[in-house]
Amino acid sequence: MDLTSGPITKTLILFALPTLASNILQTLSSSVNSIWVGQFLGESALAATANANIIMFLMFGAFFGFGMAATVLIGQSIGRGDIDAARRAAGGVIGLALIFSIAIAVVGWFASDRILHWLKTPPEAFGLAHDYLRVTFLAVPASMLSVTLMMASRGAGDAVTPLRFMMLTVVLDIVFNPVLILGLGPFPRLGIAGSALATATAGTISLAGMIAWFYARNHVLRLRGRELAYLLPTGSELRFIVGRGLPMGAQMLVISGAGLVMVGLVNREGLVTAAAYGATLQLWNYVQMPALAIGAAVSAMAAQNIGAARWDRVASVTNSGMAINLVMTGILIALLLTFDRAALALFLGSESPAIEVSRHIQLIATWTFLPFGTTIVLIGTLRANGSVVPPLIILFLSMFPIRLGIYYFGYAAIGSDILWWSFPLSSLASLAMAWAVYKRGGWRRTMPRPDLG
């Protein structure tokens with residue numbers, strides 16, 4: 001899509017919808033897999049996947065910033081009409097993703113036990129979490145390359161291709177999970193490791209299909225002939241991607257680290273609370289999807305308009321993104337709180353004592369996604385012009401000294417409920433800080449670009 005012309009709100013919605021659909025499908029796949037695990041293998045297995053999945057979020061968060069830096073460069077290059085610069089940025093980040101993901105897979109395979117001990121994984125879930133996490137680490141290279149290609153494609157204004165292959169991944173994952181967990185037909189019964197293997201297999205097939213599609217349709221970011229050398233980024237490109245990417249990756253590490261700390265604190269409350277929190281996170285994944293999709297769309301749209309020197313449209317893109325997010329997220333929160341019991345029963349079983357614990361968590365904390373979504377849109381605009389340090393500071397302050405401070409000072413007064421109250425209170429703090437940085441205006445300075453020779 002051309003994101004530098006036409007009605008802003010309509011263009012933003014049309015561009016965000018495929019990303020939102022991709023997020024829905026990805027979360028649906030995770031939820032269905034959790035249903036298979038919870039129903040076939042029990043609450044201990046469900047708690048095991050929750051502990052392992054937060055580790056994966058951490059690993060992908062470590063690379064996220066490099067992908068975002070390349071996406072910003074791709075978007076601004078497309079906005080200027082410089083296709084070669086966009087391909088250079090795409091090639092560089094893909095090559096970097098391959099090296100990084102192989103290193104993560106090797107280290108993760110050998111460090112699985114240590115990681116789970118550090119998380120204080122409940123003893124009942126430890127063995128299952130170990131099996132699940134090790135197989136998942138093996139799938140990291142294919143998964144990371146898929147995510148990188150999808151981010152690059154969206155930066156170029158194409159959100160439909162990622163949607164197509166997310167659909168393929170989800171269908172394969174949902175079908176393979178029960179087959180490999182239960183050992184249906186000629187396949188062996190692998191239990192929780194089968195769930196991880198199903199996800200890995202589906203992602204690898206989808207990646208191969210997406211690469212073939214890029215070349216069959218002559219995608220704007222496909223590399224041919226001498227362009228294949230772009231997979232080895234130049235020093236200038238690396239400095240740009242790493243210089244901008246490290247703070248953005250650190251943002252995700254801050255979020256992931258806060259999630260790990262929260263899992264550890266929740267695990268101390270016992271297996272029922274841990275299972276309830278794992279099921280709650282599955283539902284929260286849906287509530288946060290509009291914010292993530294709209295934030296990504298705002299960032300890509302703002303980047304293209306900045307590249308085209310259309311600063312008059314950037315503020316309108318941000319305002320439209322905030323309004324759309326509030327409406328969509330508000331509707332989802334209302335639906336979730338109305339039908340939460342039926343949804344939770346899918347993950348926990350209708351007789352599980354964790355259901356009431358989870359409903360209590362949601363009643364206190366789910367509305368946190370209103371300020372969270374607005375913050376994500378503001379940060380997306382800042383990223384579009386390479387302003388990456390202020391969002392990092394904002395997220396660090398809200399996730400650690402503020403959120404953990406609320407927990408440690410409030411636990412003696414109201415017990416475990418302070419865990420859930422820390423979510424909305426810290427989100428309000430991050431929104432206040434993000435709004436102050438956005439209005440100050442220093443982020444609007446021209447972003448330096450790498451020397452492409």
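Predicted model: local features only at pLDDT ≥ 70, side-chain atom pairs only at ≥ 80, totals over all residues.

Student: Where do D84 and R88 sit relative to each other in helix α3?

Tutor: They are four residues apart in helix α3 (residues 83-118), so about one helical turn separates them. D84 and R88 form a salt bridge, with the closest N and O atoms 3.3 Å apart.

Student: Is R88 buried or exposed?

Tutor: Buried means under 20% relative accessible area. R88 counts as buried because its relative accessibility is 17%, while D84, at 27%, counts as partly exposed.

Student: Which parts of the chain does the R341 and E356 pair link?

Tutor: R341 forms a salt bridge with E356, the closest N and O atoms being 2.7 Å apart. That pair links distant parts of the chain: R341 is in helix α12 (residues 340-348) and E356 in helix α13, 15 residues apart. E356 also meets R359 in a salt bridge, at 3.8 Å from N to O. Through shared partners, salt bridges join D340, R341, E356 and R359 into one network.

Student: How many salt bridges does the structure hold?

Tutor: Seven.

Student: And what is Q251 in contact with, leaving aside its neighbours within four places in sequence?

Tutor: Q251 is in helix α8 (residues 235-267), and it's buried, at 0% relative accessible area. Beyond those neighbours, Q251 is in contact with I379, R383, V388, P391, L392 and L395.

Methods: Residues numbered from 1 in each chain as written. Heavy atoms only, no water. Helix = DSSP H or I, 4+ residues; strand = E, 2+ residues; numbered from the N terminus. Buried < 20%, exposed > 50% of the residue type's maximum accessible area, 1.4 Å probe, protein only. Contact = heavy atoms within 4.5 Å. Salt bridge = Lys/Arg side-chain N within 4 Å of Asp/Glu carboxyl O.
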